[in-house]
Amino acid sequence: MTAPVSASPAAPAADQSAADATVAVLSAAPDRSEAADRAAALFEEAYGYQPDGVWSAPGRVNIIGEHVDYQDGLCLPMAISHRCFAAAARTPTDRLRLRSAQDATILDIDARELTPEAVTGWPAYVAGVLWALGKRISGGSTRGMDIMIDGQVPLGAGLSSSAALECAAAEAIEALLTLGTTPLERVRAAITAETDFAGASTGGLDQSASVLSHEGHALYLDCRDFSTRPVPWDLASQGLALLITDTRAEHSHVDGEYTARRADSERAAEALDLPTLRDADPARLEEHLAVIEDEVVRRRARHVITEIDRVARFDALLADGTVREHVTELGALLNASHDSLRDDYEVTVAQLDVAVDAARAAGAHGARMTGGGFGGSTIALVEADQAQAVADAIATAFAEHGFTAPEFFLALPSEGAGQDR
Ligand code: GLA
């Protein structure tokens with residue numbers, strides 16, 4: 001999807017050659033308050049006056065629960081420290097003016113006449129939120145605003161740069177127009193912006209994680225009603241870390257494959273005569289599968305049903321608040337998730353499988369792809385003092401395969417969308 005991005009400005013790119021591939025760089029997100037100041041300064045430079053405020057929303061990794069959100073499933077994502085910033089001010093007009101620090105496109109449009117056809121590219125992810133919130137805006141009120149976007153979430157890395165953009169916009173629009181929306185209503189507006197305005201038919205995992213996550217916690221998300229519960233996920237205090245590898249694999253035909261998987265899962269629910277695959281009973285898996293004639297659809301169903309069950313089991317293991325205590329079982333669930341996405345759902349590519357295999361061989365407790373697949377990122381649950389060694393092993397494996405050098409981040413469970421200044 002087409003959100004703007006910069007690789008984090010403070011982070012050196014990990015573009016080692018094969019010869020020095022073993023010095024992988026673990027990049028960090030730029031400091032949040034410095035980044036907010038930068039967004040405000042960029043706003044002032046562009047528009048010639050100071051913004052009313054700066055709002056931001058994070059990217060996410062999904063720890064487990066992949067390709068199940070659109071089947072009413074369970075997910076366990078967390079917000080990461082890379083954020084998208086929106087410096088914004090209300091104007092006494094009806095013009096929506098939009099710029100980005102990462103892209104030269106400028107949008108200047110009558111905000112009363114927004115239509116999905118009228119806006120394309122990354123501005124659609126912002127304009128779409130204003131459009132989705134339109135019915136909350138009282139008739140007599142102007143809806144004009146100036147916005148400067150400054151995105152840090154790596155683009156195309158499967159870390160939800162689009163959701164971060166939508167959700168930062170939702171926070172800014174809520175504050176500027178005082179609409180009285182709840183966080184969940186902003187999640188829904190961001191989902192509508194993505195599916196109905198930008199035209200990417202995704203399932204809501206990303207926007208929920210970006211708005212509703214809390215620092216130090218993962219987010220238990222039930223996609224049946226988008227209810228959530230924070231789950232303690234403080235790896236650092238337990239000597240553990242979650243290593244993100246952005247494989248930088250080019251993904252082609254992503255949207256088409258995503259839509260095809262959604263359609264397969266709908267066919268599976270239909271074959272089982274169930275509203276969604278969430279309604280299947282994992283304890284009767286074989287019985288369910290036996291009813292599905294099409295071999296491919298049967299495998300898709302097996303992924304979705306077993307993945308929802310894995311999330312339930314992962315969450316149950318975390319009920320006592322410790323990760324360390326259950327790290328072996330948690331790692332096994334991560335591994336099983338990846339293997340199912342590779343073999344049954346068929347959404348991995350060579351780079352994802354190589355990163356996961358290398359992480360496991362280097363001692364990770366568990367590793368899997370995260371996000372939609374067909375490129376993007378993997379995560380590995382590792383001992384904190386082995387994160388560098390695991391990153392080195394992945395970088396070496398990539399060099400041996402002749403792949404573009406990957407980038408590495410630590411997934412630090414961060415706060416969801418909010419106001420910065
Ligand atoms: C993408 C979509 C999400 C979800 C994941 C797979 O990130 O945007 O809604 O379907 O893929 O879990």
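Let's start with a pair of strands: S9 (residues 240-246) and S11 (residues 377-383) run antiparallel to each other and are joined over 7 bridges. One of those pairings links Asp 246 to Ser 377, its bridge partner in S11. Keep in mind that this is a predicted model.

Both strands belong to an open sheet of 5 strands, ordered S1-S12-S9-S11-S10, with mixed pairing. At the edges stand S1 (26-27) and S10 (366-370); each has a single partner strand, so one side of each is left without a neighbour in the sheet.

Now step back to the whole chain. Where the two touch, domain 1 puts in 35 residues and domain 2 puts in 42 residues.

How much area is buried between domain 1 and domain 2? The figure is about 3,200 Å², and carbon and sulfur atoms give 62% of that. On the domain 1 side, the residues that lose the most area to domain 2 are Ile 64, His 67 and Gln 71, which together make up 23% of what that side buries.

There is polar contact here as well: 21 residue pairs between domain 1 and domain 2 are in polar contact. As for which strands are involved, S2 (53-64), S3 (74-90), S7 (217-222) and S8 (227-232) each supply at least two residues of the domain 1 side that touches domain 2. S3 gives the largest share of that side, with 6 residues. Sorted by type, the residues of that side come out as 17 nonpolar, 11 polar and 7 charged.

On to the salt bridges. The whole structure has 29 of them, and 4 salt bridges cross the interface of domain 1 and domain 2.

| Salt bridge | Distance (N to O) |
|---|---|
| Arg 278 and Asp 222 | 2.8 Å |
| Asp 279 and Arg 224 | 3.0 Å |

Take the pair of Asp 279 and Arg 224, whose side chains meet in a salt bridge. Why does this pair tie together parts that are apart in sequence? Asp 279 sits in the loop between helix H6 (254-271) and helix H7 (285-291), while Arg 224 sits in the loop between S7 and S8, so the pair links parts that are 55 residues apart in sequence.

Technical notes:
Residues numbered from 1 in each chain as written. Predicted model: local features only at pLDDT ≥ 70, side-chain atom pairs only at ≥ 80, totals over all residues. Heavy atoms only, no water. Contact = heavy atoms within 4.5 Å. Buried area = accessible area lost by both parts, 1.4 Å probe. Polar contact = N/O pair within 3.5 Å; in protein donor to acceptor, adjacent residues only side chain to side chain. Helix = DSSP H or I, 4+ residues; strand = E, 2+ residues; numbered from the N terminus. Nonpolar A, V, L, I, M, F, W, Y, C, P; charged D, E, K, R; others polar. Pairing = 2+ DSSP bridges.
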